Amino acid sequence: MIELSEIKKAFNQGRPNEYWALSGIDLTLEAGKVTAFRGPSGSGKTTLLTLVGCLARPTSGRVRFKGQDISGLPERFLTEIRRQSFGFVFQQFNLIKGLSALENVILPGFPTGRPRAELIDAAEGLFEQLKLSHRRQAKVEWLSGGEQQRVAIARALINDPEVIIADEPTANLDTALSREFMTILEGFTAAGKTVLLTSHDPLVVESSAVHRVVGMRDGKLVDQ
Amino acid sequence: MRRPSNVAFLLLATLFLAVVLIFAHSGQSTAAHTPRLLANRDLVVRLGLTDLALFTEARYTRHPSQADLHSALQDHPGAFDHFPTGSLLPPPALLKRPHANLAGKTTSPD
Amino acid sequence: MRIWLEKQRHLIDFTLASLARRKTKNIGLLVAYTLLVFVLASLTLFTNALRTEATFVLAGSPEVIVQRMVAGRHDLIPPGYLDKIGRIRGVQKMEGRLWGYYYDPVLNANYTFMARPAEEVASGTIMVGAALARERGLDAHNTISFRSYSGKLFTFEVASVLSPDSELLSADLILLSEEDFRSFFEYPAGHFTDIALSVANPQEVRNIAAKLSSALPDSRPILREEVLRTYQSVFDWREGIVLTVLAGAILAFAILAWEKASGLSAEEKREIGILKAIGWETGDVLRMKLWEGLLISLTAFLLGFIGAYVHVFHFGAAVFEPVLKGWAVLYPRFTLLPAIDGLQVATLFFFTVFPYTAAVLVPIWRAAITDPDAVMR
Ligand SMILES: Nc1ncnc2c1ncn2[C@@H]1O[C@H](COP(=O)(O)OP(=O)(O)O)[C@@H](O)[C@H]1O
Ligand SMILES: [Mg+2]
């Protein structure tokens, strides 16, 4: 489903502080599976996810999504693909403060022009699934870490994407909440979604919910 | 749940309506004022009036458009810049043209 | 089309929800903005109303007034001038006018005395302006005495009071017969204050003025268009004075609005990054901000304009009256004609709505074109 070939990514290219975060990645990711990227901090996991999720473009190499080369597309098309096909759960959750959980969840639906009532219905359904209905009108800054993450997950799902990208999803959670997250993850697989996540939490990478673990170090893949 | 955009549209629509009403009111009252205005214009024609009675305080301000014997502003009726010797507007460029081009061409000394 | 509409409504929903987060601050801005529009609109509405009224009414004033100059100063018209002017072709009608000022120590006010033909005002009687009548407590058939400049006392009977509707023109007028005028002011026989001309062909007015100047080199013609221009500039000037006084406040608001609109906090930058990461296009972010600017400035404009209209035409422009109308002992009472100049309103609209909206957009533009991957860090 997703093919990466000879991916390289440089930050601040051509300047004295040039830094190659990824230096030659070849990888094929299957649809409907959960893939975890493991590696020490700074090994380029997040950078790789931004390239797959159309948040950034590689310095060189190709990213193919469902057979289409997306590494050279203009920003408009990247945004379009990102909106339709990818849902993001960020490490810091990145909810918009001051808005309610519900308002946060329906945000990705705005550019699609779906009617508000429909979006709210969909959001209510997701809150139901994630056992968060009682908190839907609460402002997000008043929610606990686990609740915030579930709001972030609901937001990632509102446009019904094929791929869920989660960066360090359990870094801010305790063990019980992390386990709960793994349950949600199994739900994704059951629903046929492809999941990409990064983690160095053994609870995640060794879980049976994860189908494949890809090791990384210094911007390169390493064998497990 | 009330949708914020609906509230905003309602507010704006009300305000727009009020503005439309204002224009209607203005048009209507202007029409209502017409007889008074026409009567006043008749008075102006009959008495040959030239000014509004807004500045009755002193003789030299009563008729701003008529530079007269008592007027402080005898140069030009309603001159824009009245402050001593003008403070806002420069004199026209025409008046300030150097006269060097006349040197030697006139019979009287400059 | 429906999708587009729904999308714009989503963007408006979002921008309102974000504005609601800092309610006091944004309402404060809206109030300041509305106040500014209110002041500017009051000013334009008021001066425009006065200007419209003056232009309409004074369009009936004499086409040409001829004054005589002696040593560069205005002087009486000596006998014989009327005949000389009568020979100029194109002059349809001419009338020697007699008028002057009288200071009344009772009211500490100046009156304008104007002579009328005997068939209009009989000798021994006068017609008085309504403001004057009100201040001196005069009514029809009352008598009133004035001590002339030569020290003699003259007593007149008030034949009638001029219509209060015409106070704006006749507040301080005293109409009396020519005979009374001449004896009251000891005006030399055959002399006039000035001459009013009417011209057969309005297109010829300037030519006639030129002919007058050459036939009577010591005369000064004042044209009707100059009279009208005088009133345009008198009110322009007053408007300008108020604007100058307000300039500080306007500038202060401009700075406030610019600061508010263009200062992009780190928080807002982060939010734009989030929106882009979750699938908003740069254009969506810009449109969202555009709506914010438009909604705030449009609301402020409409509220301010409505407030100004009510203020000017229902409360007589209570706030600016002293500056715009001026003051006098004999001040006319008049109701303003609620005339609106569409072009002025449009100008005001443009200058209040456009700059703010632009100020909102400029910094967002810079933030919105940055890469969305920043939110992952
Ligand atoms: N925008 C950037 N500019 C410069 N260096 C960056 C930038 N983003 C990431 N890096 C660097 O790239 C490397 C890989 O980062 P990242 O992908 O976040 O690692 P990981 O997620 O595995 O911890 C790090 O050393 C980081 O400092
Ligand atoms: Mg990382």
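Tutor: Between chain B and chain C of this predicted model, the count is 5 salt bridges. Residues are numbered from 1 along each chain as its sequence is written, chains are lettered from A in the order in which they are written, and side-chain values use heavy atoms, with hydrogens and water left out. Because the model is predicted, local features need pLDDT of at least 70 and side-chain atom pairs count only at pLDDT 80 or more, whereas totals for chains, interfaces and linings use all residues.

Student: What makes C:Asp172 and B:Arg62 a salt bridge?

Tutor: The term asks for a side-chain nitrogen of Lys or Arg within 4 Å of a carboxyl oxygen of Asp or Glu. The closest N and O atoms of C:Asp172 and B:Arg62 are 2.7 Å apart, so the pair meets the rule.

Student: How many residues does each chain give to the contact, and what area do chain B and chain C bury between them?

Tutor: Counting heavy atoms within 4.5 Å as contact, chain B gives 56 residues and chain C gives 75 residues. Buried area is the accessible area (1.4 Å probe) that two parts lose on being put together, summed over both, and here it comes to about 6,100 Å², with 64% of it on carbon and sulfur atoms. In chain B, the residues that lose the most area to chain C are B:Leu52, B:Leu54 and B:Glu57, together 11% of what that side buries.

Student: Why is the pair of B:Phe23 and C:Phe305 called stacked?

Tutor: Rings of Phe, Tyr and Trp (its six-membered ring) pair if their centres lie within 6.5 Å, and planes under 30 degrees apart count as stacked, over 60 as edge-to-face and the rest as tilted. The centres of B:Phe23 and C:Phe305 are 6.2 Å apart and their planes are at 25 degrees, so the pair is stacked.

Student: What makes C:Phe154 and C:Phe156 a stacked pair?

Tutor: Their rings are 6.5 Å centre to centre with 15 degrees between the planes, so the pair is stacked. C:Phe154 is buried at 18% relative accessible area, and C:Phe156 counts as buried at 2%.

Note on methods. Buried < 20%, exposed > 50% of the residue type's maximum accessible area, 1.4 Å probe, protein only.
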